[in-house]
Amino acid sequence: MPYVEDPPAAPVPPEDHPPGESTLALLRRHSGAAVGIAVVLAATVGGFAYVGGFLTPDRLGADKIANALEATGGGAHAGFRRAHAKGICIAGTFTGTAAAARGLSSAGVFDGRPVPVTGRFAEATPDPYAKDPMVGVRSMALRLQPVGGDEWRMAINDTPGLHVSTPEAFYENALASVPDPKTGKPDPAKVAAYLAKHPESAAFLARMKAKPLASGFANDSYNSIDGFLFVAPDGTQRLVRWTMQAEAPFATLTPAARAGRSANYMFEDLLARATTGPLKWRLVATLAQPGDPNRAAEVWPADRPKVDLGELVIDHVESEAMGNCRDINFDPLVLPAGMLPSDDPIPFARSAVYATSFRRRTREHTPPSAVANQSAGTRP
Ligand code: HEM
């Protein structure tokens with residue numbers, strides 16, 4: 001095929017901006033084009049203003065929720081997560097029970113091959129230096145990264161459900177929990193007004209009171225709380241919640257024994273435990289039955305069918321530092337093919353607020369974590 005030259009470029013119009021003409025005069029001569037540019041500019045600026053919430057100050061966006069979370073901690077703790085601020089990194093592998101799991105979800109993480117995992121244990125507090133005996137909610141966050149496959153991130157709590165079912169109620173709860181500068185504690189009148197309006201939060205508090213606290217991270221179990229859809233290879237979708245169920249036997253501390261432990265006892269115990277052998281959990285899915293509410297504050301009946309999805313083995317624990325779990329956003333909407341978000345509104349809000357928290361904290365100088373420069377494990 002003969003080489004064909006590109007057609008000659010269109011002639012360049014002569015410069016029509018006479019030397020010395022002012023920009024204003026130029027705009028007057030080209031008023032049509034100027035109006036066009038102004039419209040594009042206005043639309044762009046307006047778009048940013050809308051996304052940023054400047055045009056709709058009453059709209060509940062991620063910034064507002066992040067600000068409220070900061071206020072619950074008596075102001076931002078620069079460099080740290082705006083929630084679950086006190087934590088430590090973990091690593092290991094997840095191995096799916098291929099047959100059972102694949103019947104529920106086509107996700108590659110369940111194909112039976114070991115999947116590398118990076119994660120984080122944390123305490124649900126905005127204070128990165130909180131005293132462990134004072135914190136009643138613990139968490140596990142995981143990033144499962146199958147080689148050549150889709151990643152799965154999760155952030156799961158040891159609580160029986162959540163205190164709210166909507167982002168709006170979460171925000172109202174955060175506002176009611178902001179400490180009064182005079183007492184350092186939330187205003188009891190605001191808390192009472194909040195609880196009167198939100199019986200689901202009062203029910204959550206009652207469940208929390210009835211549940212003994214695990215003595216450590218290693219013998220605790222962690223729940224997705226939110227509902228997600230698992231998609232089977234034949235396309236069938238099922239609403240599920242899941243639990244990382246500790247293989248270590250459950251143990252608790254009496255309130256007096258707990259109060260006597262050190263400020264970092266949860267982390268010190270974990271580091272000591274990690275030297276004695278790997279820590280293990282079973283990932284168990286709970287299947288919703290028709291009519292089960294997909295609302296995070298509502299716990300499903302205990303007799304719902306369960307499916308064992310695989311085993312998590314943690315063989316390395318290390319302090320947060322640059323480049324390890326500290327710099328991961330455990331966004332619950334990072335789901336592999338074979339899983340989908342459901343109509344539970346909470347994960348969508350979480351995804352947006354975690355990103356806001358991540359942006360804020362990664363722009364700030366990060367002081368050392370409460371438990372710094374430590375590592376332990378049995379990893380070969
Ligand atoms: C609207 C509801 C929620 C909001 C606004 C919220 C907000 C946040 C924020 C801002 C962070 C810090 C993220 C970062 O900087 O990386 C965080 C961390 C976390 N949240 Fe939530 N959260 C919500 C609900 C939940 C629920 C339902 C769970 C449990 C199922 C949960 C579990 C966690 C965990 C485990 C972490 C720590 C993750 C890590 O170790 O990096 N959150 N949350």
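## Helix 3 against helix 10

Helix 3 crosses helix 10 in a right-handed sense. This is a predicted model, so please read everything below with that in mind. The two elements, helix 3 and helix 10 (residues 346-362), pack at an angle of about 65°, and their axes lie 9 Å apart. That angle makes helix 3 roughly perpendicular to helix 10, because the roughly perpendicular class runs from 65 to 115 degrees.

Which residues make the contact between helix 3 and helix 10? On the side of helix 3 they are Ala-62, Asp-63, Ile-65 and Ala-66. Helix 10 brings Ala-349, Ala-352, Val-353, Ala-355, Thr-356, Ser-357 and Arg-360. Sorted by class, the contact of helix 3 with helix 10 holds seven nonpolar, two polar and two charged residues.

## A listed position in helix 10

Staying with helix 10, we come to Tyr-354, which is located in this helix. UniProt lists Tyr-354 under "binding site", in an unreviewed entry.

Is Tyr-354 buried or exposed? Tyr-354 is buried, because 24 other C-beta atoms lie within 10 Å and the cut-off for a buried residue is 20 or more. Leaving aside residues up to four places away in sequence, Tyr-354 touches Asn-329 and Asp-331.

## Helix 3 against helix 5

Helix 3 (residues 62-72) also packs with helix 5, at an angle of about 30° and with the axes 9 Å apart. Helix 3 and helix 5 are therefore roughly parallel to each other, since angles under 35 degrees fall in that class. The crossing of helix 3 past helix 5 is left-handed.

Here the contact draws on Lys-64, Ile-65, Ala-68, Leu-69 and Thr-72 of helix 3. Their counterparts in helix 5 are Pro-167, Phe-170, Tyr-171, Ala-174 and Leu-175. By class, the contact of helix 3 with helix 5 counts eight nonpolar residues, one polar and one charged.

## Helix 5 against helix 6

Now follow helix 5 to its contact with helix 6. Helix 5 (residues 167-176) and helix 6 (residues 188-197) pack at an angle of about 160°, with 9 Å between their axes. That makes helix 5 roughly antiparallel to helix 6, because the angle is over 145 degrees. Helix 5 goes past helix 6 in a left-handed crossing.

From helix 5, the contact uses Glu-172, Asn-173 and Ala-176. From helix 6, it uses Lys-190, Val-191 and Tyr-194. The contact of helix 5 with helix 6 has three nonpolar residues, one polar and two charged.

## Two loop residues with positive phi

His-84 has a phi near 50°, a positive value in a residue other than glycine. His-84 sits in the loop between helix 3 and strand 1 (86-96). With 25 other C-beta atoms within 10 Å, His-84 is buried.

Where is Ile-225 found? Ile-225 lies in the loop between strand 5 (222-223) and strand 6 (228-231). Its phi is near 60°, again a positive value in a residue other than glycine. Ile-225 counts as buried, because it has 22 C-beta neighbours inside 10 Å.

Note on methods. Residues are numbered from 1 along each chain as its sequence is written. This is a predicted model: local features need pLDDT of at least 70, side-chain atom pairs count only at pLDDT 80 or more; totals for chains, interfaces and linings use all residues. Axes are lines fitted to C-alpha atoms, for helices over the stretch in contact, and angles run from 0 to 180 degrees between N-to-C directions. Helices (H or I, at least four residues) and strands (E, at least two) are DSSP runs, numbered from the N terminus. A crossing is left-handed if the near helix is turned anticlockwise from the far one by less than a right angle, and right-handed if clockwise. Two residues are in contact if their C-beta atoms, placed from the backbone, lie within 7 Å. Ala, Val, Leu, Ile, Met, Phe, Trp, Tyr, Cys and Pro count as nonpolar, Asp, Glu, Lys and Arg as charged, and the others, Gly among them, as polar. A residue is buried if 20 or more other C-beta atoms lie within 10 Å of its own, exposed if 12 or fewer, and partly exposed in between; C-beta atoms are placed from the backbone. UniProt positions are given in the numbering used here, feature names are shortened, and annotations may be inferred rather than shown by experiment.
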